[in-house]
Amino acid sequence: MVRLMKKWVIVRFVTIFLIFIPIPLILSGVYIYRNEVNMLITNNTNKNLQLTEQIAKKIDDNILRHILTASSITNENSTYNGPQSIIDRVNILRTLTNEADRLALRQQIDSDLNYLFNYTIDLTGITFVYKDNQYYSFNNRYAFEPSPIKLSSWYQEMVRNNEHLRVLGKVNDSLFSNVHSDEQSLAIATLVNNPNHQYTEDNEVELIFITFKDTAFEKEFFGLQLSQVGRLDILSESGDIVYSKDDQVEPIKKSMHFFTNNYGWQIYKSNKDQLLMTYYTVPSTRWKVINTTSLNELTQNINQVISVVVTAFSFILLVFMIVFFTSIYRTLLRPIHKLIHHMSSLEENNFKGRLQLSGYDEVAKLYKKFNKMVEHINLLILRIDREKDEKLQLELQALQYQVNPHFLLNTLNSISMMADIYGAQHIKKMTTSLSTLLVNTLSKGGMHTPLEEEFNTLSSYADIMKLRYGDRFEVILVIEPSAQELYILRLLLQPLVENSILHGMGDIYKKLNIHVNAKRNGPNLELSVNDDGVGMTKSQIETLLKHHNEKNSGFNHIGIHNVNKRIKLNFGEEYGLEIYSDEESGTQMKLILPAITRDMITSAEGDIHV
């Protein structure tokens, strides 16, 4: 039976070991791996977005410059050859018959064109096409054939839409020349319209065709490393290639419908690989500058590190399990069984017992910790008992005058009757008020009292003090309806009113007004005692709150410090007394208490359920 139990314990321990060590490590490793991959993708995406933005903006700047220059051919006057524009001179060229004049005008035209395009070395040709398919070329590499241009879809769209200028992107040189070549150029086409948007003469220019090297944009991203792996392509909005180092752009073309925004990124599945694509749109042409990175290539280094770590971890785990489980019974299970046996011998809830058992070092430390825990619990119990005793002593101090209450009350009643017989009404009023004050403050239901009864106590106390001081002060008591049914600790307000009477009166010709108010504010009860007396200094306020007045000669020995401490002991540090005062401007005392109702007071009168 014992062997079966031990085998069951070992099986359970092995299961727990697998659940809490290898499996969490594996899950943590998977989480870390995915997090690292995501971080790598995020960093790569952010970097490539920034760089594609730089490239797109540089390309846009160049295109805008080319567009501006192309527009200058038709709009601007000659720089230094007269008031006519270049297009006017090209039109005049067709009308000249004198060869010397034609040569001079051609030199002027070529000079102006060189001046306009001196900012770039990528220009490969400018062709002015007349309506009758004649042309004038500048700096062209090959002989130009204008007829195929008018058959092009882009040309027909420009004419149909009355479009002035279009950036065509990359075109084959062989399309518009009689030379068969694989070379390509970047082209800009401009339709030359008169104010009526019609071509009136056959010898007038209707189209300007400008070409640049197809590598014109390479210098914009030359030297920029988009990522350690990947490629860069520029495609038009319709998917035509503007720039690409090879023809392997089909996966990119298939994903063009995802590029709906001006910039962004997209993961596209292609065969067994996933492609991370970041793109940015060239504003003037709507071309897409696209960086494509293979996720397999991007994460290759991480995968290699993970492979090494997994192999090493598997080997170490195997060795550890062999060594650990061959010695676990001798080093752990047997001492644990002994510990369980001795712990079960302790009586339930008997914190006086101590473990006295020798064994392995680990078990001895466990016994020591257990004994310290028992001692700590005993100390906590003693501490709670002390706090309860201190709390009880404070309440006893608050009610310490209650010695033989029936004797005092009977004596006061006798004095009141004798005063009535002899007509001493002021003595009768004093004894009656004192009797009421004593009755309301005697213990008759615990340390809590209804708020209304506490205010009655204050009224009686004020009557007694008026017999001593006359009309030098007035106490105004106000309980808002929301606070009528609430309870408070006994004798909280009387010390505050007594402080205002004894220390607030100054000028004998000025009447002291004391306002005592009670209102409910959500879960709290707010009590205020405000007077318009002589006030107090900050040092006097600190003395009242921090020092217990052992020489109090008033109605009882409960001082301001005692009131504040009683509140915090009963309800917590968030409650208590606040005093605000300046000399010659009166004193405001505010008590913050929990709003206690009758059903919240326990029968033991010690704990309030707030």
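**Notes on cavities, a pocket and helix packing**

1. About 60 Å³ of space lies in the second largest cavity, one of four cavities of 30 Å³ or more that turn up in a search of the whole structure. Here a cavity is a set of points, on a 1 Å grid over the protein atoms alone, where a 1.4 Å probe fits but cannot get out. Grid points are joined across faces, edges and corners, and a volume is the space filled by probe spheres set on the points.

2. A word on the model: it is predicted, so to speak of local features takes pLDDT of at least 70, side-chain atom pairs count only at pLDDT 80 or more, and totals for chains, interfaces and linings use all residues. Numbering runs from 1 along each chain as its sequence is written, and side-chain values use heavy atoms, with hydrogens and water left out.

3. Back to that second largest cavity: its lining is Ile63, His66, Val167, Leu186, Ala187, Ile188, Phe212, Ala216, Phe217 and Trp287, where lining residues have an atom within 4 Å of a point. Strand 4 gives the most, with three residues, and both helix 2 (22-75) and strand 4 (184-191) supply at least two. Helices (H or I, at least four residues) and strands (E, at least two) are DSSP runs, numbered from the N terminus. By class, this lining has nine nonpolar residues, one polar and no charged. Ala, Val, Leu, Ile, Met, Phe, Trp, Tyr, Cys and Pro count as nonpolar, Asp, Glu, Lys and Arg as charged, and the others, Gly among them, as polar.

4. Do have a look at the largest pocket, with a volume of about 570 Å³. A pocket is an open set with protein on both sides within 12 Å along at least five of seven lines. Of its 22 lining residues, Leu168, Gly169, Ser236, Ser238 and Asp240 are the closest to the centre. Strand 3 provides the largest share of the lining, eight residues; helix 6 (153-160), strand 3 (165-172) and strand 7 (241-243) each supply at least two. The lining of the largest pocket divides into nine nonpolar, seven polar and six charged residues.

5. Now the helix pairs. Helix 3 (residues 86-95) and helix 4 (residues 99-116) pack at about 155°, their axes 10 Å apart. Axes are lines fitted to C-alpha atoms, for helices over the stretch in contact, and angles run from 0 to 180 degrees between N-to-C directions. Helix 3 is therefore roughly antiparallel to helix 4; angles under 35 degrees count as roughly parallel, over 145 as roughly antiparallel, 65 to 115 as roughly perpendicular and the rest as oblique. The contact of helix 3 with helix 4 has eight nonpolar, one polar and five charged residues, contact meaning heavy atoms within 4.5 Å.

6. The axes of helix 14 (residues 451-469) and helix 15 (residues 494-504) come within 10 Å and cross at roughly 25°, which means that helix 14 is roughly parallel to helix 15. Glu454, Leu458, Tyr461, Met465 and Tyr469 of helix 14 touch Gln494, Val497, Glu498, Ile501 and Leu502 of helix 15. These residues divide into seven nonpolar, one polar and two charged.

7. Last, helix 16 (residues 538-546) and helix 17 (residues 560-571) have axes that come within 6 Å and cross at roughly 55°, so helix 16 is oblique to helix 17. Leu544, Leu545 and Lys546 of helix 16 make the contact with Ile560, His561 and Asn564 of helix 17.
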